[in-house]
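Student: I have not looked at this structure before, and I would like to learn how to read it feature by feature. Could you take me through it slowly?

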Amino acid sequence: MSHSKYALVCGAGGFIGGHLVKKLKDEGFWIKGVDLKHHEFCKSAADDFVIGDLRDPSVCRDILDMPFDEVYQLAADMGGAGYIFTGEHDSEVMHNSAMINLNMVDLCFKVGIKKIFYSSSACVYPNYNQINPDSPKCSEDSTYPAAPDSEYGWEKLFSERMYLSYYRNNGLNVRIARFHNIFGPEGAWNNGKEKAPAALCRKVAKTPNGGEIEIWGDGKQTRSFLYIDECLEGIRRLMDSDFIGPVNIGSEEMITIDGLARMIIDIAGKKLTIKHVEGPLGVRGRNSDNRLILDKLGWKPTQPLRKGMEKTYQWIAEQVKERQLSGDNYHS
């Protein structure tokens with residue numbers, strides 16, 4: 001089979017990267033994937049998969065061994081609130097992710113990569129604009145004065161500026177998107193790095209009918225969550241456009257964490273009660289602002305949250321059932 005384009009996906013062993021490889025393959029790309037580890041839940045669809053540490057410049061040099069048409073830089077040290085907001089991993093998160101981006105942006109420029117995508121995050125937005133859970137401000141132009149609520153957000157903001165500086169000074173053709181809580185099957189659900197949708201699905205799946213699940217905080221904190229398929233559509237549309245970004249890729253369907261839990265309980269067909277406990281929370285409210293992506297790309301995500309949650313719950317419930325049948329003890 002002849003391939004129209006060649007792409008490198010960094011972070012191909014992760015949740016979004018793994019799905020992105022499949023989408024690019026479906027579009028006819030030849031793909032090289034690289035990650036510290038193989039994908040936990042599926043065999044990679046990449047034509048070539050390299051186990052390598054992108055904090056090491058020599059690894060980055062080795063993988064950039066052909067004239068890739070597109071590079072997707074999704075590799076990062078990251079996780080959910082339990083990983084990012086406790087403060088216990090700040091130095092690792094900042095050092096590891098910054099090293100990856102320092103290496104990749106410079107070497108991509110030096111070897112003449114035609115186009116590179118960088119996955120930033122809604123965590124770059126200032127804490128002071130996300131205090132009211134009912135009306136958070138997350139438009140792309142609200143980033144400054146900068147005051148992210150985590151070191152993860154600060155690293156993302158630094159790396160955004162670095163990619164943009166390579167565009168201005170060196171002509172590197174960059175695209176930058178800020179992801180808002182991407183979820184779906186084949187992602188972390190029980191290793192301490194899972195995000196709220198997966199964690200809640202796991203808790204609901206594990207808990208017998210009539211039981212109780214725990215939620216961090218009072219449950220009134222708000223978020224929007226974007227299903228993986230729409231995230232991938234946004235990435236590809238941005239890469240095929242002339243717009244550099246940064247641009248939000250997220251849903252505008254805001255929901256409280258309690259509301260999300262009740263939705264999952266309903267999907268599961270169970271009767272469960274919610275107990276609120278102390279835990280790391282992040283900002284009080286966050287929601288994607290999609291005016292810019294609609295203006296620049298003529299598109300924005302529109303899939304109802306419940307549709308994606310139904311698919312995600314089914315997948316996680318199957319994982320839980322398999323673990324329970326095998327007698328595995330795992331993160332609760």
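**Helices and what they bury**

Tutor: The buried residues of helix H4 are Val 93, Asn 96, Ser 97, Ala 98, Ile 100, Asn 101, Asn 103, Met 104, Val 105, Asp 106, Leu 107 and Cys 108, where buried means under 20% relative accessible area, exposed means over 50%, and partly exposed lies in between, with a 1.4 Å probe and protein chains only. Before we go on, note that this is a predicted model, in which local features need pLDDT of at least 70 and side-chain atom pairs count only at pLDDT 80 or more, while totals for chains, interfaces and linings use all residues. Residues are numbered from 1 along each chain as its sequence is written, and side-chain values use heavy atoms, with hydrogens and water left out.

Student: How many residues does H4 have, and what span does it reach?

Tutor: Helices (H or I, at least four residues) and strands (E, at least two) are DSSP runs, numbered from the N terminus, and the expected span of a helix is 1.5 Å times one less than its number of residues. H4 covers residues 90-111, which is 22 residues, and reaches 32 Å from its first C-alpha to its last, close to the 32 Å expected. After H4 comes Gly 112, with a positive phi near 80 degrees.

Student: Which residues of H5 are buried?

Tutor: An α-helix has 3.6 residues a turn, so residues three or four places apart point the same way. In H5, the buried residues include Tyr 152, Glu 155, Ser 159, Met 162 and Tyr 166. H5 spans residues 151-170 and reaches 28 Å from its first C-alpha to its last, close to the 28 Å expected, and Gly 171, which follows H5, has a positive phi near 75 degrees.

Student: Which residues touch the most other members of the largest nonpolar core?

Tutor: In soluble globular proteins, nonpolar side chains tend to be buried together. A nonpolar core is a set of buried Ala, Val, Leu, Ile, Met, Phe, Trp, Tyr and Cys residues joined through side-chain atoms within 4.5 Å. In the largest one, which has 56 residues, Val 9, Ile 16, Tyr 72, Phe 179 and Ile 235 touch the most other members. Apart from that core lies another, of 28 residues, among them Cys 10, Ile 113, Met 162 and Leu 172.

Student: Is Glu 70 buried or exposed, and what does its side chain meet?

Tutor: Glu 70, which lies in strand S4 (residues 70-73), is buried, with a relative accessible area of 2%. A polar contact is a pair of N or O atoms within 3.5 Å; within protein, one must be able to donate a hydrogen and the other to accept it, and residues adjacent in sequence count only if both atoms are side-chain atoms. The side chain of Glu 70 makes such a contact with the side chain of Arg 236, at 3.4 Å.

Student: Where is Lys 270 placed?

Tutor: Lys 270 sits in the loop between helix H8 (257-268) and strand S13 (273-277), and Lys 270 is buried, with a relative accessible area of 19%. The side chain of Lys 270 reaches the backbone oxygen of Val 204 at 2.7 Å. From Lys 270 to Ala 7 there are 263 residues in sequence and 44 Å in space, C-alpha to C-alpha.

Student: What share of the protein chain counts as buried?

Tutor: Of its 332 residues, 57% count as buried.
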